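Here is a short briefing on one protein model. Look over the fold first, then the points below.

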Amino acid sequence: MSDEARVAADLVVAPEPIAYLQRTRAYYQALGYGAPYQWAHADAVPFQPLTKPLSACRVALVTTAAPYRPELGDQGPGAPYNAKAKFYAVYSGDAAGDPDLRVSHVAIDRRHTTAEDIGSYFPLARLREAAGAGRIGDVAPRFHGLPTNRSIRTTVEVDGPELVARCVADAVDAVVLVPNCPVCHQTTALAAQLLERHGIATVVMGCAKDIVEQVGAPRFVFSDFPLGNAAGRPNDRASQVETLELALGLLEQATRPRTTLVSPLCWSTSAAWKLDYCNIERLSADEIANLRAEFDTAKAQAKALRDPPNGQA
């Protein structure tokens, strides 16, 4: 698309959320990957009300961010997509500490955000503040990392049950799940369903409304922000506090599954940022070819991590 066409398009952006299902389908088909991905969908979504006041509940945090490992290449603010930094098993960390988690391994919106502030995608500090203020009973001793897996079966049969087992072991009453990329939103919605079936109330904080509502989440707080900012605007503590409060309030107030609460916060005065993410109409033939080559390389790197030769980890 020419610069003139981009400018003209920027002037007529609709205020609706990005249609990630449609965007990603067209994007990957244009890259030559054949049949579109089949997203999960639940006809019946479980729902577990809180069994005690939130001020007496133990709340756990679940993230799709990855622990920083310097030997795996650039994972810092503004880093390009880095498949080497992916992880493929549920992990847990000390919720009393300050872990260094990054999102270079997932498809956040790299044009309009840089992942410079961990508080915009991993609200552990805000959750501890809520516990200190008596808003929740306490923070679970561990937070948990959930792999971003395109395999619905693996999420439902392997990763999800492992997450449930860890939350049960920690005597958790409620869980806040924070996804980052499109598939992350599917993964956390599926995990939320499993947790609710085991008597644990959940709320997903996310930025991909159509994906979460397609899959089906018991409770969902939608922030109309670029992917990678589901916990609030970067370097904006007030935004992060308000976004978490929306999630905590929804844990208390929702009365049925598939309850979506739309955050009143705005990313910017212009909605032009919504035009860019995975928008094949804004890419030239050369750009599409380059993206295909980059994606093939990333897939090979991810496969090597997921299926190491000779069973080596």
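Is Val221 buried or exposed in this model? Val221 is buried, at 0% relative accessibility; buried means under 20% relative accessible area, exposed over 50%, and partly exposed in between, with a 1.4 Å probe and protein chains only. The model is predicted, so local features need pLDDT of at least 70 and side-chain atom pairs count only at pLDDT 80 or more, while totals for chains, interfaces and linings use all residues. Residues are numbered from 1 along each chain as its sequence is written, and side-chain values use heavy atoms, with hydrogens and water left out.

**Overall fold**

- The protein has 8 helices and 10 strands. Helices (H or I, at least four residues) and strands (E, at least two) are DSSP runs, numbered from the N terminus.
- The radius of gyration is 19 Å, close to the 20 Å that the globule rule gives for 313 residues, so the protein is as compact as a globular protein of that length. That radius is taken over C-alpha atoms, and the rule is 2.2 Å times the number of residues to the power 0.38.
- Along the principal axes, the C-alpha atoms fill a box of roughly 55 × 55 × 40 Å.
- Of the 313 residues, 51% count as buried.
- Among contacts between residues at least 6 apart in sequence, 77% join residues at least 24 apart. Contact means heavy atoms within 4.5 Å.

**Surface and charge**

- The accessible surface comes to about 13,700 Å². Carbon and sulfur atoms account for 53% of that surface. Areas come from the Shrake-Rupley method with a 1.4 Å probe; for residues, only the protein chains shown count as cover.
- There are 31 positive and 35 negative side chains. The centres of the two sets lie 4 Å apart. Lys and Arg count as positive, Asp and Glu as negative; His and the chain ends are not counted. Each charge is placed at NZ of Lys, CZ of Arg, CG of Asp or CD of Glu.

**Nonpolar core**

- The largest nonpolar core has 84 residues. Val59, Leu61, Ile136, Val175, Leu177 and Leu195 have the most contacts inside it.
- Helix H5 gives the largest share of this core, with 8 residues.
- Such a core is a set of buried Ala, Val, Leu, Ile, Met, Phe, Trp, Tyr and Cys residues joined through side-chain atoms within 4.5 Å.

**Helix H5**

- Thr188 sits in helix H5, residues 182-197. Its relative accessible area is 0%, so Thr188 is buried.
- Beyond four places in sequence, Thr188 touches Thr64, Leu146, Leu177, Pro179 and Val204.
- Ala189 is also in H5, and is buried at 0%.

- Val175 lies in strand S7, residues 174-178. Val175 counts as buried, at 0% relative accessibility.
- Val175 and Leu195 are 20 residues apart along the chain, and their C-alpha atoms are separated by 8.3 Å. Leu195 is among the residues that Val175 touches, as are Ala60, Val62 and Cys167.
- Val221 belongs to strand S9. Its partners beyond four places in sequence include Val203, Val204, Leu246 and Leu261.
- The C-alpha atoms of Val221 and Thr259, 38 residues apart along the chain, are separated by 8.6 Å.

**Loops**

- Cys207 lies between strand S8 (201-206) and helix H6 (209-215). Cys207 is buried, with a relative accessible area of 2%.
- Leaving aside neighbours within four places, Cys207 contacts residues including Tyr20, His185, Phe222 and Pro226. Its C-alpha atom is separated by 27 Å from that of Val168, 39 residues away along the chain.
- Most residues other than glycine have a negative phi.
- Asn235 has a positive phi of about 55 degrees. Asn235 is in the loop between strand S9 (219-222) and helix H7 (237-253), and is exposed at 57%.
- Cys278 has a positive phi near 50 degrees. Cys278 is in the loop between strand S10 (259-262) and helix H8 (285-306), and counts as buried at 15% relative accessibility.
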